[in-house]
Amino acid sequence: MTSEKNILNRLYIVAGFMFLFAVAVGFKLINIQLSEGEKYKEISAKRVFKDFTIEANRGNLYDSNGSLLATSVPEYDIRFDALTVSEENFQKYVGPLSAELSKLFGKSKAHYERNLRRARANKNRYYLVARNLGYSQYVKVREFPMFNLGAYKGGFIAEQRTVRELPLGKIGERTVGYGQAGLEGAYDEYLRGRNGHRLKQKIAQGQWKPISDANEVEPEDGLDVVSTIDVNIQDIAHHALLGQLEKFKADHGTVVVMETKTGEIKAMANLGRTSSGTYYEKRNYAIWEAHEPGSTFKLMAMVAALEDKVVDTSDIIDTENGKVKYFDRIVRDSHRGGFGEISVARSFELSSNTAFSKFIYKGYKDNPEDFVNRLNNMGLNQKVGLEIKGEGTPKIPHPDDANWYGTTLPWMSFGYGVLLTPLQTLNFYNAIANNGIMIKPRLIKEIRDRNQLVEGHNQPIVQNSICSKETAKKVREMMKNTVKRGTASNIYTEEYSMAGKTGTCLTGYGNGKESSNYIASFAGYFPAENPKYSCIVVISEPEKSIGFYGNIVAAPVFQKIAKKIYTDTPVTDEFKDLEVTNPSAEKDFQQYFAKAQKYESQIPNVQGMPVMDAVSLLENLNLQVRVEGSGIVKKQSVKAGTKIKKNQTISLLTS
């Protein structure tokens, strides 16, 4: 009996546990149905339906003249749901559809019909018909037999995506940019637009099919950005730089061309060398690469010294045979033996390191902070602040720095120990071209929604005055003479005027002579008298055996750009009043006219007349005229009043 009782007790316990378990299961089912039902329904739906993002078309990026720099192009993949089409429609249209596909894509009709029938036999609901179609092709395919019935009756599935294209190709690629780089990244908030959404259903083999032809939320295209870049000037700068890089087998280089009065950047070319010796837009050196500027920094040093009146352009400096020692280091001129005693202005034209080190050291050695403060007050320790990301940080050494030595000041005078990007250097030169007024460089003109203006950026952004007009006038004359008779005289031409400064900077000089390389540069503007464009050329690590000085490597690029721009945009003069009188010319004409009326058969007296008027008068009397010199007629070979003979010759001697 006891044993049976124990067995029954155990059965009761087991039954009790089973009852409790059943109650718990029932409670959970009721809870799921009533409390969490919607949650699990949503999870279930997500496994079957999914909301896909449709990326908006990015806005177009234009140059200043309306030429496309970057644009979004739609591409389409066409697929076929072989099950959604009725048997009647499939058999009726599969042949005509195959024929149209054959005409458009080139493969045989039999090829397409065979594959479409196989897709239906295999119950393929996502058969790939064509890939990477342009919009015009997509429109054609959409109207083909069977596909023109739509998604449900015709099994037509079109998947769209956008592809960014650069019409200029590799020219200006880094400036135009992609992702978060260049203009694309800088103005992404305008260009990107707003994405749309489309609901799709999960079908066999993890594939997703659109529920309908229409999107749930239509994407909104981005706005268009009109940049300051001029594709013609960009092309000029690119090829001028490329040719010089190839000639000197340099590692990389950059060119920036800026409109002087507005700060608009018209071209920004950046090219780096590949392992195979070709060049491409590797990175934006103009903005990113801060390096020692070398002698192009002498403009900054000169402006500081003139503003602080520690020197004047007419002061005489002894270059001491081209060598000056400061503590344990020697400053050398590139010209062996130096330049003797020369003026401060001439030392700029000839780019004398010794002269610059002497007058900067003498003027600031007791208080070098004055020199540094002057440079900083001119904005040289500040970034330009261009919208493109990645601008290099400038560096102007300060006496409080741990690595400030007795030689720091004299070496700063010719651009060593200082760090500036090419664009930061150009910004200063552009200010001098503007008589000391610094204008912020910029890359954007307008934001547009198709043809409607959203934002305008056409007003120059004036930052500050870096120096007096008097100082700017003095250094502008020096830069003009640098091209005419100084270190850049090799690019001088009478056809058009240029002004600027050469730079040659030794890099890696602390690692021994064999590991050293050079940075060749030229910065300036043109025309010299009324600057319209400023420009900087920097070429890094040219092959030393071919050449490395700034006037040989970098300056010719500047000259090519200036020449091409001059040719394409000739200078024209406009006259408000064409009725202009010149008293001197009027007097000469009256004198000429009176003699022409008086003399018909006698030699006139042309002494004292302008030679061109005298020649015209004598030739009208059928005389043969010979002229020596130019200017005013001093003597004539045949005496006035002599009777004219047939085929007579008269010689004129001018003063």
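The following exercises, each with a worked solution, concern the predicted model shown above.

Residues are numbered from 1 along each chain as its sequence is written. In this predicted model, local features need pLDDT of at least 70, side-chain atom pairs count only at pLDDT 80 or more, and totals for chains, interfaces and linings use all residues, while side-chain values use heavy atoms, with hydrogens and water left out.

**Exercise 1. Overall composition**

Task: State how many helices and strands the protein chain has, and what percentage of its residues is buried.

Solution. 
- Step 1. The protein chain has 22 helices and 25 strands; helices (H or I, at least four residues) and strands (E, at least two) are DSSP runs, numbered from the N terminus.
- Step 2. Of the 655 residues in the protein chain, 47% are buried. Buried means under 20% relative accessible area, exposed over 50%, and partly exposed in between, with a 1.4 Å probe and protein chains only.
- Step 3. Among contacts in the protein chain with a separation of 6 or more, 69% are between residues 24 or more positions apart; contact means heavy atoms within 4.5 Å.

**Exercise 2. The largest core and helix α12**

Task: Identify which residues of the largest nonpolar core touch the most other members, and determine which elements the buried residues of α12 pack against.

Solution. 
- Step 1. A nonpolar core is a set of buried Ala, Val, Leu, Ile, Met, Phe, Trp, Tyr and Cys residues joined through side-chain atoms within 4.5 Å. The largest one holds 82 residues, and Leu299, Leu375 and Phe428 touch the most other members.
- Step 2. Helix α12 (residues 298–307) supplies the largest share of this core, eight residues.
- Step 3. Because nine of the ten residues of α12 are buried, the helix is largely enclosed by the rest of the structure. Its buried residues pack against α13 (344–350), α14 (353–364), α15 (368–377), α17 (422–433), α18 (469–485) and β20 (499–507).
- Step 4. Leucine 299, with residues up to four places away in sequence not counted, touches Phe348, Phe428, Tyr429, Ile432, Val475 and Met479.
- Step 5. After α12 comes lysine 309, which has a positive phi near 55 degrees.

**Exercise 3. The six-stranded sheet**

Task: Give the strand order of the open sheet of six strands, and state which strands stand at its edges.

Solution. 
- Step 1. The order is β11-β10-β9-β22-β21-β20, with antiparallel pairing; two strands pair if DSSP finds at least two bridges between them.
- Step 2. β11 (279–280) and β20 stand at the edges, each with a single partner strand, so one side of each lacks a neighbour in the sheet.
- Step 3. Strands β21 (residues 517–526) and β22 (residues 533–540) run antiparallel and are joined by eight bridges. Phenylalanine 526 stands opposite tyrosine 533 in β22.
- Step 4. Helix α10 (residues 231–248) packs on the sheet, touching β9 (252–259), β10 (265–273), β11 and β22, and its direction makes about 30 degrees with that of β10. α18 also packs on the sheet, touching β20 and β21, and its direction makes about 75 degrees with that of β20. For these angles, axes are lines fitted to C-alpha atoms, for helices over the stretch in contact, and angles run from 0 to 180 degrees between N-to-C directions.

**Exercise 4. Valine 633 and its sheet**

Task: Locate valine 633 and decide whether it is buried or exposed.

Solution. 
- Step 1. Valine 633 lies in strand β24. It is buried, with a relative accessible area of 3%.
- Step 2. An open sheet of three strands has the order β23-β25-β24 and mixed pairing. β23 (624–628) and β24 (633–636) are at the edges, each with a single partner strand, so one side of each has no neighbour in the sheet.
- Step 3. β24 and strand β25 (residues 649–654) run antiparallel and are joined by three bridges; valine 633 stands opposite threonine 654 in β25.
- Step 4. Valine 633 and proline 610 are 23 residues apart in sequence, and their C-alpha atoms are 6.2 Å apart in space.
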